[in-house]
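Here are some notes to read beside the model.

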Amino acid sequence: MKAVVCKAWGPPESLVVEDLPDLTPDAGEVVIDVKAAGVNFPDVLIIQNKYQNKPQLPFTPGAEVSGIVRAVGAGVTHVAPGDAVMAYVGVGAFATQVRTAGALVMPIPEGLDFETAAAFTLTYGTSYHALVDRGQLRASETLLVLGAAGGVGIAAIEIGKALGARVIAAASTEAKLAVCREHGADETINYSNEDLRERLKALTGGNGPDVIYDPVGGDYAEPAFRSIAWGGRYLVVGFANGEIPRLPLNLPLLKGASLVGVFRGEFARRHPDTNRTNFAAMHAWIRAGKLRPHVSARYRLDETAQALKDMEARKVSGKLVIVP
């Protein structure tokens, strides 16, 4: 097998591609021949030792994958060799083979190709868990999505609309906002040239959004929270900006609002049955045409470093995939 290997903490260009022995599964595990692997912002952080998950060196990055089951370990009965599957694996996906816990592996729904499946597990799994399990978003409520043109952002827009919410998408360019509108955003905010608070006030009649989905962090977190509706829920999803905000804790008090952490990877490990139920609900939405994962670019395995550099530079709308 071939794999991208992180041997020392550092930038994407420090990664190498190596030949490694083929994988075999232990009890409860599955080995997958990789057909596609999704690229996500945590992949950029994890190789620089800036992410909450800190694997031992050396390791292969890549958190989500689709492919064909190569082998299964003892006790795995829900998938078999030859099955088309998708999985959130945490690390190991940027390779031609990956080994993971069988509980994390799911059959690919009918009609979903490998690239789309690889672009689905983390982004849509995260956004569904955030909006449904953690944010309890309801029909007729208003959802604000920051960094809305990224993979999790587009997923949040589509899931918000599927739940019946009004969705306001915020991003940094008109081109990115056009993508947001294509995926269902009702209103948009260009926060590179519009005042976020004033625009939210105008769009919500002064009430503010009920739920704020924030995978970005940085300078927009505090003005967004200051705009939240009474009883609102602020979903802390990630820090693509690179800066962890320091919010004054009087703000949740004054708004009767909640700061809610979203750590979908740990949720999936702790609650695999609920995670599978969430995906079953989303598969029904896929069949109904309500969810349309957006793959914007494809890279070969030896181009993984470039894919991560493009992700780090925030040049991306939708999802990038590695096709070994």
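1. Burial terms come first. Buried means under 20% relative accessible area, exposed means over 50%, and partly exposed lies in between (1.4 Å probe, protein chains only). Aspartate 33 has a relative accessible area of 23%, so this residue is partly exposed.

2. A word on the source. This is a predicted model, in which local features need pLDDT of at least 70 and side-chain atom pairs count only at pLDDT 80 or more, while totals for chains, interfaces and linings use all residues. Residues are numbered from 1 along each chain as its sequence is written, and side-chain values use heavy atoms, with hydrogens and water left out.

3. Stay with aspartate 33. The residue sits in strand β3 (residues 29–39); strands are DSSP runs of E with at least two residues, helices are runs of H or I with at least four, and numbering starts at the N terminus. Leucine 23 is ten residues away along the chain, and the two C-alpha atoms are 9.8 Å apart. Leaving out residues up to four places away in sequence, aspartate 33 touches Ser66, Gly67, Ile68, Arg70, Thr96 and Gln97. Contact here means heavy atoms within 4.5 Å.

4. Take arginine 233 and glutamate 141. Their side chains form a salt bridge at 2.8 Å, N to O. Arginine 233 belongs to strand β12 (residues 233–236) and glutamate 141 to the loop between α3 (121–134) and β8 (142–145), so the pair ties together parts 92 residues apart in sequence. Both residues are buried.

5. Arginine 269 and glutamate 266 also meet in a salt bridge, at 3.3 Å, N to O. They are three residues apart in helix α9 (residues 264–270), so about one helical turn separates them. Arginine 269 is partly exposed at 42% relative accessibility. Glutamate 266 is partly exposed at 25%.

6. Aspartate 302 and arginine 300 make another salt bridge (3.1 Å, N to O). Is aspartate 302 buried or exposed? Aspartate 302 counts as exposed, because its relative accessibility is 54%. Arginine 300 is partly exposed at 47%.

7. Now the rings. Rings of Phe, Tyr and Trp (its six-membered ring) pair if their centres lie within 6.5 Å; planes under 30 degrees apart are stacked, over 60 edge-to-face, and the rest tilted. The structure holds six aromatic pairs. Tyrosine 191 and tyrosine 220 have ring centres 4.1 Å apart and planes at 15 degrees, so they are stacked. Tyrosine 191 lies in the loop between β10 (187–190) and α6 (196–203), and tyrosine 220 in the loop between β11 (211–214) and α7 (221–226), so the pair ties together parts 29 residues apart in sequence. Tyrosine 191 is buried at 8%, whereas tyrosine 220 is partly exposed at 30%.

8. Phenylalanine 225 and tyrosine 234 form a tilted pair, 5.2 Å centre to centre with 35 degrees between the planes. Both are buried. Elsewhere, ring pairs link Phe120, Tyr124 and Phe279 into a cluster.

9. Last, the cysteines. Cysteine 6 is buried at 1% relative accessibility, and cysteine 180 is buried at 0%. A disulfide is a pair of cysteine sulfur atoms within 2.5 Å. By that rule the count is zero.

Definitions and conventions
A salt bridge is a side-chain nitrogen of Lys or Arg within 4 Å of a carboxyl oxygen of Asp or Glu.
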